[in-house]
Amino acid sequence: MFEKLVELICNYVEVEPENVHPESRFVEDLGFSSFDFMSMLGEAEEEFGVEIDPQKASGILTVQEAADYLEALGKEEA
């Protein structure tokens, strides 16, 4: 899950995969705009076959939080 998420992240911002860490913050560390973040989540929905709650997504700050959330959603939808 984490590796797949890193691939998605690298499609949206100019950062090398090895520079994306679990504690990396989307806006402060990786340079995401809110539009980039929501676009990436839309792609993650398709990629992982889940439906993301925009309210919960707005509270996601780090890559690990996003990976954990997507993993939990995947288990719910399975």
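**Salt bridges and a helix pair**

User: Why does Glu-7 count as partly exposed?

Analyst: Glu-7 has 47% relative accessibility. Buried means under 20% relative accessible area, exposed means over 50%, and partly exposed lies in between (1.4 Å probe, protein chains only). The value for Glu-7 falls in between, so Glu-7 counts as partly exposed.

User: What kind of model is this, and what is counted?

Analyst: This is a predicted model, where local features need pLDDT of at least 70, side-chain atom pairs need pLDDT 80 or more, and totals for chains, interfaces and linings use all residues. Residues are numbered from 1 along each chain as its sequence is written, and side-chain values use heavy atoms, leaving out hydrogens and water.

User: What makes the contact of Glu-7 with Lys-4 a salt bridge?

Analyst: The N to O distance for Glu-7 and Lys-4 is 3.8 Å. The rule asks for a side-chain nitrogen of Lys or Arg within 4 Å of a carboxyl oxygen of Asp or Glu. The pair meets that rule, so it is a salt bridge. By this rule there are four salt bridges.

User: How many residues separate Glu-7 and Lys-4 in helix 1?

Analyst: Three, which means about one helical turn in helix 1 (residues 2-12). Helices here are DSSP runs (H or I, at least four residues), numbered from the N terminus.

User: Is Lys-4 buried, partly exposed or exposed?

Analyst: Its relative accessible area is 34%, so Lys-4 is partly exposed.

User: Which residues do shared partners join into one network?

Analyst: Salt bridges that share partners link Lys-4, Glu-7 and Glu-47.

User: Which residues of helix 1 and helix 2 meet?

Analyst: Contact means heavy atoms within 4.5 Å. Helix 1 brings residues including Leu-5, Leu-8 and Tyr-12. Helix 2 brings, among them, Asp-36, Met-40 and Phe-48. By class, the contact has seven nonpolar, two polar and four charged residues. Ala, Val, Leu, Ile, Met, Phe, Trp, Tyr, Cys and Pro count as nonpolar, Asp, Glu, Lys and Arg as charged, and the others, Gly among them, as polar.

User: How far apart are Asp-36 and Tyr-12 in sequence and in space?

Analyst: They are 24 residues apart in sequence and 6.4 Å apart in space, C-alpha to C-alpha. Not counting residues up to four places away in sequence, Asp-36 touches Tyr-12 and Val-13.

User: What makes Thr-62 buried?

Analyst: Thr-62 has 14% relative accessibility, so it counts as buried. It is found in the loop between helix 3 (54-57) and helix 4. Beyond residues up to four places away in sequence, Thr-62 touches Pro-22, Glu-23, Ser-24, Arg-25 and Phe-26.

Technical notes:
Helices (H or I, at least four residues) and strands (E, at least two) are DSSP runs, numbered from the N terminus.
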